[in-house]
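Visitor: I am new to this structure and would be grateful for a guided explanation. May we look at it together?

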Amino acid sequence: MEPNMEYIVAQVTQKEVGRRFQVGPEIIDYILDRQKSHDLEHDQSMLDRMVDSLATSWVNASNFKVALLGMDIVSALVTRLQERFKTQIGTVLPSLIDRLGDSKDQVRDQAQSLLLKIMDQAANPQYVWDRMLAGFRHKNNRTREAVCFCLIATLNVSGAHGLTLSKIVPHICHLFGDPASQVRDGAMNCLVEIYRHVGERVRVDLGKKGLPQSRLNVIFSRFDEVQRSGNMILSSDKNMDDEDSVDGGRSSSSVRRTGSLRRPSSASSTKSSGKESSGAGAVDEEDFIRAFEDVPAIQIYSARELEDSMNKIRETLSDDKHDWEQRVAALKKVRSLLLAGASEYDGFSQQLRQLEGPLKLSAKDLRSQVVREACITLGHLSSVLGNKFDHGAENIMPTLLNLVPNSTKVMATSGMAAIRLIIRYPARV
């Protein structure tokens with residue numbers, strides 16, 4: 001018998017941990033299959049019950065594996081419902097904010113990736129941040145620090161034009177009095193990132209916040225360092241129309257997507273993507289898309305041959321002592337296999353799971369050529385597999401975000417291009 005909404009809600013609301021692990025993949029499959037889940041949106045009360053239970057007893061579960069599975073299910077709902085998930089955001093946000101301060105890196109990373117996905121597919125970033133501001137005063141100091149990281153990630157993914165930063169900056173300033181040094185450092189990094197995107201308006205605005213002059217001197221010194229480094233990513237002047245705020249712009253709809261990522265039509269779009277403002281060595285999504293098929297042509301004759309190829313790729317990428325040119329060739333071969341129809345073979349998804357760690361290692365490589373090819377390959381995987389690459393994409397997103405502030409232009413802009421492509425493509429169902 002095909003599952004229906006009543007059956008799925010019953011499985012979500014039951015408490016037995018072992019059973020949850022059994023039904024989790026079935027629930028995700030139901031959500032993403034429009035034919036199976038044609039009744040998903042017909043009964044709002046059932047959907048509300050489902051999301052409420054996911055937030056309170058899955059995402060907030062003490063068992064971290066249940067929490068991760070709960071976030072996978074919520075992610076599937078975001079992919080399926082898109083902007084129709086907006087009414088559920090208030091239900092899931094408190095649990096996701098709690099998970100930002102989890103003791104396990106994997107849980108924290110997945111919570112941040114899911115929040116970014118919600119901002120991209122379900123509502124504009126400011127709508128979400130209006131409901132996340134309490135996170136800056138969370139009782140868990142790790143959560144307060146992680147909320148700062150999440151704001152930095154939001155700026156790097158969406159730019160400043162989708163945020164009313166004048167609403168957020170006072171909460172960041174409050175953190176300079178936090179008893180935890182890592183939270184104070186997070187607040188400083190937040191302001192520096194805002195300065196990268198908005199420029200001198202931040203300096204003027206902070207002078208009105210009542211911060212001690214000694215603190216302002218330290219902050220402004222960090223601003224000066226960024227200015228000298230050449231790593232500024234400024235919004236266009238036409239978006240800076242409020243002389244009393246650090247708002248990146250009034251229109252947040254320019255970064256909201258209906259089906260695919262829409263880049264802003266103003267001059268800020270090219271600058272926020274990083275290519276024109278970053279100079280020589282910078283790349284963008286168009287460069288990546290052109291590189292998807294710029295690989296040797298191959299043919300796959302059997303599932304066994306595909307498995308052997310994937311095993312050799314994994315072996316090469318798992319050892320950073322291999323010659324960098326061999327690692328670049330291995331990354332290109334992943335794209336060659338995709339173009340040859342690898343995704344049509346039954347065992348490919350499992351083989352790809354085993355490749356996630358080596359792909360992440362490649363994105364952390366010290367050689368810019370390896371990082372660039374890794375980012376191109378990740379973008380290609382997302383473009384071909386769509387939501388089937390969600391797990392791998394969410395797993396590697398924190399690594400890509402760490403690339404964005406890199407002083408090496410090709411690494412920074414490769415990370416940004418990969419992030420934008422990953423966010424663009426999983427929306428296809």
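Visitor: What span does helix 19 reach from its first C-alpha to its last?

Guide: This is a predicted model. Helix 19 covers residues 368-385, which is 18 residues. At 1.5 Å a residue, a value of 26 Å is expected, and the span is close to that. From first C-alpha to last, helix 19 reaches 26 Å.

Visitor: How many of the 18 residues of helix 19 are buried?

Guide: A residue is buried when its relative accessible area is under 20%. Helix 19 is largely enclosed by the rest of the structure, because the number of its 18 residues that are buried is 14.

Visitor: Are the rings of W129 and F136 stacked or tilted?

Guide: The structure holds three aromatic pairs. In the pair of W129 and F136, the ring centres lie 5.9 Å apart and the planes meet at 25°. Planes under 30 degrees apart count as stacked, so the pair of W129 and F136 is stacked.

Visitor: Is F223 buried or exposed?

Guide: F223 lies in helix 12 together with F220, three residues apart, and the two form a tilted aromatic pair. The relative accessibility of F223 is 0%. Since buried means under 20%, F223 counts as buried.

Visitor: Which residue has its charged end over the ring of Y127, 3.6 Å from its centre?

Guide: The charged end of K86 sits over the ring of Y127, at 4.4 Å from the ring centre. The charged end at 3.6 Å from the centre of that Y127 ring belongs to R131.

Technical notes. Residues are numbered from 1 along each chain as its sequence is written. This is a predicted model: local features need pLDDT of at least 70, side-chain atom pairs count only at pLDDT 80 or more; totals for chains, interfaces and linings use all residues. Side-chain values use heavy atoms; hydrogens and water are left out. Helices (H or I, at least four residues) and strands (E, at least two) are DSSP runs, numbered from the N terminus. The expected span of a helix is 1.5 Å times one less than its number of residues. Buried means under 20% relative accessible area, exposed over 50%, partly exposed in between (1.4 Å probe, protein chains only). Rings of Phe, Tyr and Trp (its six-membered ring) pair if their centres lie within 6.5 Å; planes under 30 degrees apart count as stacked, over 60 as edge-to-face and the rest as tilted. A charge sits over a ring if NZ of Lys or CZ of Arg is within 6 Å of the ring centre and within 35 degrees of the ring normal.
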